[in-house]
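Thanks for making time, everyone. Please have the sequence and the model open while I talk.

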Amino acid sequence: MDGFYLAFGEGLSEEANRLAQALARLLLEDPPEGLWEAVPAYGTLYLEYDPRRLSRKGLLGLVSRLEATLAGGGEEGRRVEIPVRYDGEDLLEVAGRTGLSLEEVKQLHQAPLYRVYALGFTPGFPFLAPVEPALRLPRRPHPRPRVPAHAVAMAGPQTGIYPLPSPGGWHLLGTALVAVYDPHREEPFLLRPGDRVRFREAEGAPPPEPLPLALLPEEPRIPALRVEEPGLLDLVVDGGRFRAGHLGLARSGPLDPYSASLANRLVGNPPGAPLLEVAYRGPVLTALRDLVAAVAGYGLAALLDGEEIPPGRSFFWPRGKPLSFRPQGRGARVYLAVAGGLEGRPFMGSVSPDLRGRIGRPLQAGDTLGLGEKRAVRPGLAFQQRPLPEALRLRLLPGPQFSWEAFRALLSRPFRVVRADRMGVELLGPEVPGGEGLSEATPLGGIQVPPSGRPLVLLADKGSLGGYAKPARVHPKDLWLLGQAWPGAELVFTSDLNRDKAHIFPVLPWKD
C-alpha cells in the first residue's frame, strides 16, 4: 500500500475542488489496475494504490492525461433545501462564544448557499462551505464519542450533517429533518459533490435511523453453519470495499489481514474469500454439513466439541458438532475460514459490513451461514503463526502534517491502549502536538492527533475524511498488529528516520 495527495489549491477554492472532484470521477469510472482509492476533498485528491501493480509515475501520468480531457473543471450540481430544527446541544455555547444572539446564530447559518465540497468521514456526510466568518469556531478540543444521527454541525468554515450516530468534534447546531443517507434507498446519497445547499429553519420530527442493510442471505444456497449463541462482535468479512471512500464508505475488511489470509490459505481459499472475524468473545456455531475449516489469530482458543483446535492448522468439522471459543493469551481477534468461503450479498463490491454506515451487521442467534461454493479440500495443512509480542512494536513513517516535535513525542515513551475497535486505537501516553485544518482524506494507519494531544491510530473502519493533524502513520506491514491490540496493551513506536533522511508523506502541488 502506498499513497499521496495531489494539491490543486489552498483553502476554499471552488476551482480547485471542481478539478479534484472531476479527476476523481474520471479515475473511478475506469480505474487502472492497482488503484485502491481516489478520495477528493476541498482542494486535494488522495490516491492510494498498490505499488506492485501501479507506479506513482504511471498514476501521475494518467491523471495528467485525464486533466487534458477536462473543459473548465467539473460539473455543477443541483440546488437542495434542507429543513433544520435548531435544537443543537452546542447552540447556546456557540452564541456565547461568538457574541451573537440565538436568532443571529440561526440566521447566519441559513444565510449562505453552501457548496458540497466533498462526501466523507461517514457515508453521505456532506462537507459544506463557507460558513459566515462571524459564526466560525474551531473544532472541540477532543471529539465526542457519539453524535446523534441527522445532527447539523459546524467547525471553522465548514458545516455538515451527521447521517448516522458517530464520533465527532464539530459544534452541534440542530437536527436535519430529512435523511441525507439511507442505504435502503435506490440512491442512498441525497447530496453529491458540487450540489448547492440552503438550510431552512423548520419544525417537525427527524426521520428514523435506517435499519442495517442485510448482506447475509436469509436462505443460503449451501447451508453450512448455524449460530447458536453470538459472540461480542462476529462479522463476515472479505478483502474489503475499495474505491468507495469518495462516498464516505469504510474500507472495512479484516482488521488483521495477516491472520485472515492465513486462515483462508489453510483451507485453499483465495486471500480475500469471505470468512468470519471473531473479536474478544466468540460465538457458538454448529456445522450443518461436513466442513473443512481453519482458525488463525490471537486471544481466543477454538474448541471443537470441547476439544481445543490449535491455530494455524486446518481441521475436519463434522456435521452436528459445535465450535466454540474461549479467551486465551494476548490478542483480540481470530478468523474462522471454511473451504469454499462464506456466502454474502455484496454492497458496492464487498460483503464486509460498514457498521457505521448501517451496511450489514454482526451475527445473531439463529443466523444460518452458507458456503460460497463447494470445495473438496483435505484437512491437516498447517503453518506456524507469527508470535504476538507482549509489547506491540510499530514502525513509524511521516504523515501528511509531519513535524519533528510530534514525531519525537511519539517515539519518546511507550503508550497504553485506552480503546481499540475497528475504527481505530486510542492511545494514552506522552502528549503529542496536534492541531486541525480543512478536512482531507485520511490514510489507513494514519496517526490522528486533535488539539488535546491524544493520538488515535486510524484503522479499517475509519472515517474517509478528517480534519485533525496526522503527523505520522504506521508502516503498512505493521497494521495487522493493531488488529490484535487490546485495552491496556503497551505500544512502542520505533523509527530509523533522522533529519537527513526524513521525508514528508507526499503532498504534490499539481502545478508549480
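Let me start with a pairing of strands. Strand 5 and strand 12 (residues 196-201) pair in the antiparallel sense, over 2 bridges. Look at Tyr114 for an example: its bridge partner in strand 12 is Val197. Before I go on, a caution: this is a predicted model.

Now the other neighbour. Strand 5 is also joined to strand 6, by 4 bridges, and these two run antiparallel. Here Val116 has Leu128 of strand 6 as its bridge partner. Strand 5 and strand 6 form a hairpin, with 6 residues between them. Find Phe121 in the turn: its phi is positive, about 70 degrees. Keep that residue in mind.

Is strand 5 enclosed or open? Count the buried residues: 6 of the 6, so strand 5 is largely enclosed by the rest of the structure. Arg115 lies in strand 5. It is an arginine, and Arg115 counts as buried because its relative accessibility is 1%, where the cut-off is under 20%. What does Arg115 touch? Among its contacts are Glu14, Asn17 and Arg18, then Glu76, and also Phe127, Leu128 and Ala129. Gly194, Asp195 and Arg196 are touched by Arg115 too.

Two of those names lead us to helix 1. Helix 1 covers residues 14-29, which makes 16 residues. From first C-alpha to last it reaches 22 Å, close to the 22 Å expected at 1.5 Å a residue. Its buried residues include Ala16, Asn17, Leu19, Ala20 and Leu23. And what do the buried residues of helix 1 pack against? Strand 2 (35-40), strand 3 (44-49), helix 2 (56-68) and strand 5.

Next, the aromatics. The count comes to 20 aromatic pairs. Take Phe125 and Tyr162. Their ring centres are 5.0 Å apart and their planes stand at 85 degrees, so this pair is edge-to-face. The pair links distant parts of the chain, 37 residues apart. Phe125 is in the loop between strand 5 (114-119) and strand 6 (126-129). Tyr162 is in the loop between strand 9 (158-161) and strand 10 (166-168). Buried or exposed? Phe125 counts as buried, at 1% relative accessibility. Tyr162 counts as buried as well, at 1%.

A second pair, Tyr298 and Trp480. Here the centres are 6.0 Å apart and the planes are at 35 degrees, so the pair is tilted. This pair also links distant parts of the chain, 182 residues apart. Tyr298 sits in the loop between strand 17 (291-297) and strand 18 (299-304), while Trp480 is in helix 7 (residues 479-482). Tyr298 is buried, with a relative accessible area of 8%. Trp480 is buried, also with 8%.

Phe121 and Phe125 belong to one aromatic cluster, together with Tyr42, Tyr117, Phe127, Tyr162 and Trp170. Phe121 has a charge over it: the charged end of Arg356 sits over the ring, 5.3 Å from its centre. There is another case elsewhere. Arg139 lies over the face of Tyr468, at 5.5 Å from the ring centre.

First, Gln484, in the loop between helix 7 and strand 31 (490-494). Gln484 counts as buried, at 0% relative accessibility. Which partner does its side chain have? The side chain of Asp256, in a polar contact of 2.8 Å. The backbone oxygen of Arg333 also lies 2.9 Å from a polar atom of the Gln484 side chain.

Last, Ser252. Where is Ser252? In the loop between strand 14 (233-237) and helix 5 (257-266). Ser252 is buried, with a relative accessible area of 3%. Its side chain has a polar atom 2.6 Å from the backbone oxygen of Pro353. Ser252 touches Gly240, Ser352, Pro353, Arg422, Ala460 and Asp461, leaving aside residues up to four places away in sequence. For scale, Ser252 and Ala301 are 49 residues apart in sequence and 24 Å apart in space, C-alpha to C-alpha.

That is my tour. Over to you.

Definitions and conventions:
Residues numbered from 1 in each chain as written. Predicted model: local features only at pLDDT ≥ 70, side-chain atom pairs only at ≥ 80, totals over all residues. Heavy atoms only, no water. Phe/Tyr/Trp six-rings, centres within 6.5 Å; stacked < 30°, edge-to-face > 60°. Buried < 20%, exposed > 50% of the residue type's maximum accessible area, 1.4 Å probe, protein only. Lys NZ or Arg CZ within 6 Å of the ring centre and 35° of its normal. Contact = heavy atoms within 4.5 Å. Polar contact = N/O pair within 3.5 Å; in protein donor to acceptor, adjacent residues only side chain to side chain. Expected span 1.5 Å × (residues − 1). Pairing = 2+ DSSP bridges.
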